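This report describes a single protein model for a reader who works with computed structures. The sequence and the coordinates are shown first, and the description follows.

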Amino acid sequence: SMSESSPEPGRLMSRLNHVLYPDLNRVDMFITVQLVYLDFTQRTMSVATAGHCPLVRWDGASERVEEVTAEGVPIGVLEDFDYSETRASWNPGDRALMFSDGLIEARGHDGELLGTEAVEDFMRRSDLRGLSCDALTKELLKQVESHQEDTPQSDDLTFIMMANL
């Protein structure tokens, strides 16, 4: 509800922290958050992070994967914290993945974590180019399920796939 009054995600994150800090501090809790603003006119994305996993971005022009993040402590940890933001290009052919740690910490039957490298390799796969977000999501879920086999999930598995087609 506050996004319209904050044209940059870092400023919005700072406002969220200011509003939520008293309640979170009282109950000794914190929240990790990542905010991404997409500007299709300027072809940019702006990312602010509060202790969350970095966004993984596929740059279609350079055919490279990069992590996009900004420094920031979880919401509720420090009373006054000015969150920064990082900008990256957002051009046709690009795709990006926001995710919780449950994705990279998905365990196989041998206890091995899926890991960031597997997620970055997934984003590099040439056979995924041009697929819809729905199709990309299904492919990523198949990869996680294949890695886990019959191992029970120990954490939430949350992610958002974005594609600029």
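## Helices against the sheet

Helix α4, residues 133-148, lies across β6 and β7 and runs at about 135° to β7. The model is a predicted one, and the description below applies to it as such. Helix α3 lies across β3, β4, β6 (95-99) and β7, and its direction makes an angle of about 155° with β6.

The buried residues of α3 are Gly115, Ala118, Val119, Glu120, Phe122 and Met123. The cover over these buried residues includes the strands β3, β4, β6 and β7 together with the helices α2 and α4.

## The open sheet

In what order do the four strands of the open sheet follow one another? The order is β4-β3-β6-β7, with antiparallel pairing. The strands at the edges are β4 (64-68) and β7 (159-163), each of which pairs on one side only. On average, neighbouring strands of this sheet are turned by 15° against each other, with direction ignored.

Strand β3, residues 55-59, pairs with β4 in the antiparallel sense over five bridges. Within this pairing, Trp58 stands opposite Val65 in β4. The two strands β3 and β4 form a hairpin with four residues between them.

Most residues other than glycine have a negative phi. Two glutamates of the model may be examined against this background.

Glu63 is placed in the loop between β3 and β4, in the turn of the hairpin. The phi of Glu63 is near 55°, a positive value in a residue other than glycine.

Glu149 is placed in the loop between α4 and β7. The phi of Glu149 is likewise positive, near 50°. Its relative accessible area of 49% makes Glu149 partly exposed.

## Salt bridges

Side chains of opposite charge can pair when their charged atoms come close. How many salt bridges does the model contain? The count comes to twelve, taking a side-chain nitrogen of Lys or Arg within 4 Å of a carboxyl oxygen of Asp or Glu as the criterion.

Arg57 takes part in two of the salt bridges described here. Its closest N and O atoms are 3.1 Å apart in the pair with Asp59 and 2.3 Å apart in the pair with Glu66. Arg57 is buried, with a relative accessible area of 1%, and Asp59 also counts as buried at 14%. Glu66, by contrast, is partly exposed, with a relative accessible area of 28%. Salt bridges that share partners join Arg57, Asp59, Glu66 and Asp94 into one network.

A further salt bridge is formed by the side chains of Arg125 and Asp127, at 2.9 Å from N to O. Arg125 counts as partly exposed, at 25% relative accessibility.

Apart from neighbours within four places in sequence, Ser14 is in contact with Phe81, Asp82 and Tyr83.

Val19 is also placed in helix α1, which spans residues 9-26. Together with Leu20 and Ile31, Val19 makes a nonpolar surface patch of about 210 Å². The residues of such a patch have over 30% relative accessible area and no salt bridge.

Gly111 lies in the loop between α2 (101-104) and α3 (115-124). At a relative accessible area of 32%, Gly111 is partly exposed. How far is Gly111 from Thr151, in sequence and in space? The two residues are 40 residues apart in sequence and 8.8 Å apart in space, C-alpha to C-alpha.

Conventions. Residues are numbered from 1 along each chain as its sequence is written. This is a predicted model: local features need pLDDT of at least 70, side-chain atom pairs count only at pLDDT 80 or more; totals for chains, interfaces and linings use all residues. Side-chain values use heavy atoms; hydrogens and water are left out. Patches are made of residues with over 30% relative accessible area and no salt bridge: like charges are joined within 9 Å, nonpolar side chains (Val, Leu, Ile, Met, Phe, Trp, Tyr) within 5 Å. Accessible areas come from the Shrake-Rupley method with a 1.4 Å probe; for residues, only the protein chains shown count as cover. Buried means under 20% relative accessible area, exposed over 50%, partly exposed in between (1.4 Å probe, protein chains only). Two strands pair if DSSP finds at least two bridges between them. Axes are lines fitted to C-alpha atoms, for helices over the stretch in contact, and angles run from 0 to 180 degrees between N-to-C directions. Contact means heavy atoms within 4.5 Å.
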